[in-house]
Amino acid sequence: MAPPVRRSSGRAAAAQGGARRRRTFWPYLLIAPTLLATAYLLVYPLLRNVIISFQHFGLAQLIRGGAGFAGFANYGAVLSDPEFWSVTRRTLLFTAVNVGLIMVLSTVVALLVMRLGRVMRLVVLGGLVLTWATPMIAATTVFQWMFSSQLGVVNWVLVRLGFASFRGHAWFADGPQTFAILVALIVWQSVPFAALTLYAAMTTVPHELYEAARIDGAGGLRSFRSITFPVLRPMFGLVTCLEVIWVGKAFVQIWVISGGGPGRATTTLPVYAYQVAQSLHRYDVGAVVSVLMVLLLVFALLFYFRHMFREEAAA
Amino acid sequence: MTGRVARNVLALLVFVVSVFPVYWMVLTAVKPAREIQAETPTFWPSALTLDHFNAAVHAQGFWYFWRNSLLVACVAVLLSLVVALLAAYAVARLRWKGRRGFILMVFIAQMTPWEALLIPMYVIARDTGMLDTLSMLTLVYFMITLPFTIVTLRNFLAAVPVELEEAAQVDGCDRPAAFRRVVLPLLAPGLLTTSLFGFITAWNEFAFANLLIIKDQDDRTLPVWLSSFSNTFGTDWGATMAASTLFMLPVLAIFLVLQRKVTAGITGGAVKA
């Protein structure tokens with residue numbers, strides 16, 4: 001079956017005897033394409049972002065080049081701009097509301113699935129997977145349709161429930177309401193992943209622990225507080241971290257549904273950076289905002305990596 | 001027993017909330033137009049129609065966008081599969097200095113907030129004359145999927161017993177041949193799973209596609225086209241939902257395939273988790 005070793009090729013010559021030399025040489029050749037790609041397509045853009053943030057970089061520099069050094073001028077401009085701080089506050093609020101809702105709802109769903117019969121469990125898990133599989137853009141168009149003012153199904157249901165003022169109600173004309181719809185959309189999209197992950201983790205908690213707790217007279221809430229949560233604390237931490245990162249940098253949903261509006265009601269940091277760069281052609285200021293955003297995300301990232309490496313060391 | 005009833009009711013509610021938007025999308029896509037326009041919406045269609053799909057498919061440029069999306073996603077995934085397979089082999093099978101550092105780099109790369117790199121990517125694309133080209137988009141998607149592909153392939157590789165490879169080497173295969181003839185066939189489910197996940201990521205990507213393809217409208221991808229549906233369809237929600245359904249279809253198909261393949265990959269053949 002196996003073909004004879006071809007001595008003609010260089011690597012075959014090293015087959016057995018030269019194993020040690022090959023071992024020092026091959027790994028680096030194998031990872032070289034990854035390193036090259038990462039250097040050009042990830043590290044370079046990151047560095048370039050930082051460099052642009054320290055330059056005067058507008059439309060003229062984009063076209064003709066020759067951007068001059070600006071020192072901390074851009075940073076000073078951004079940090080002294082009240083607009084930036086209100087956007088940052090909004091981003092934090094947006095992240096907190098979304099992640100809070102996502103974690104609570106997905107914990108409830110995971111606990112619920114644990115206690116369901118076989119059929120209902122498959123039904124709920126199937127529904128979650130379907131939601132998870134829905135592409136972001138498809139979801140945003142559907143939400144726009146459901147909340148549309150004239151024929152939207154949400155307005156119809158609300159009117160039927162007795163809220164007559166919702167007839168022809170224009171959701172996207174109002175800041176807080178657009179904000180709420182975005183929260184609904186992001187929570188709807190994010191709960192499946194979090195719930196499925198937490199559910200998978202919950203199934204690994206030894207059954208005996210719950211038995212023992214029940215014998216000791218602990219109710220459902222008590223056994224969650226004393227067993228499920230403490231045992232799965234790292235998992236809860238990990239999922240929370242991931243959600244903070246995903247929600248904090250969420251761009252597509254906001255950009256497509258509201259473009260950051262009405263006014264600035266739904267402008268978060270990623271949207272703000274994009275607007276400043278693309279509409280105002282202030283690439284330098286946009287770069288500053290995105291550098292600051294990355295710095296904010298680093299907190300969540302550090303926590304995540306600490307956990308990842310504990311796993312990696314244990315493996 | 002009231003507890004069980006309450007749980008089932010709650011479960012049903014969770015199911016309805018998670019499925020309704022998708023149901024509403026498909027339903028709108030197959031409803032006759034007069035039911036979409038009706039004051040009172042229908043939750044079950046009285047008749048089925050393919051008119052909206054017709055409108056979506058015949059919309060200006062639809063097939064271009066479809067082809068672009070497919071092309072960009074496939075090339076990016078193939079590229080990252082090849083590059084990642086090399087790296088994953090080095091990480092899973094060989095011992096070398098800097099290995100831990102490399103793994104760390106891959107993990108960090110995996111968490112890159114790509115939304116923060118839109119501006120420099122735009123500037124770089126412009127500098128290198130790659131703006132408005134699908135190859136720039138392909139490169140970006142390749143890089144977005146690469147770290148994840150390395151991590152997953154490494155896990156799949158680690159699940160293939162190294163003894164199998166050694167046995168093949170004893171039988172006279174050199175290392176690449178042992179890899180090709182023994183490891184690669186066992187790795188097939190892993191390769192499929194990984195590439196399909198990568199495909200979904202690239203297929204769904206919007207932000208870079210929206211930023212890097214500006215002038216050449218024929219080079220746009222489906223998500224960007226779909227996001228501007230009101231320019232194409234106005235308030236024709238039937239056609240918009242039909243287009244969304246068509247866009248979602250490949251992703252859904254992949255999820256259905258994966259469900260079987262993932263389990264097959266873990267439990268099948270000589271591979272043991």
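Trainee: What should I know before I start?

Mentor: This model is predicted, so local features need pLDDT of at least 70, side-chain atom pairs count only at pLDDT 80 or more, and totals for chains, interfaces and linings use all residues. Residues are numbered from 1 along each chain as its sequence is written, while chains are lettered from A and ligands numbered from 1 in the order in which they are written.

Trainee: How many helices and strands does chain A have?

Mentor: Helices (H or I, at least four residues) and strands (E, at least two) are DSSP runs, numbered from the N terminus. Chain A has 14 helices and 2 strands.

Trainee: Which domains make up chain B?

Mentor: Domain bounds come from an automatic or database domain assignment. Chain B is divided into domain 1 (1-49) and domain 2 (61-267), and 33 Å separate their centres, taken over C-alpha atoms.

Trainee: How many residues does each domain bring to the contact?

Mentor: Two residues are in contact if their C-beta atoms, placed from the backbone, lie within 7 Å. Here, domain 1 of chain B gives 7 residues and domain 2 of chain B gives 6 residues. On the domain 1 side, the largest share, 4 residues, comes from helix 1 of chain B.
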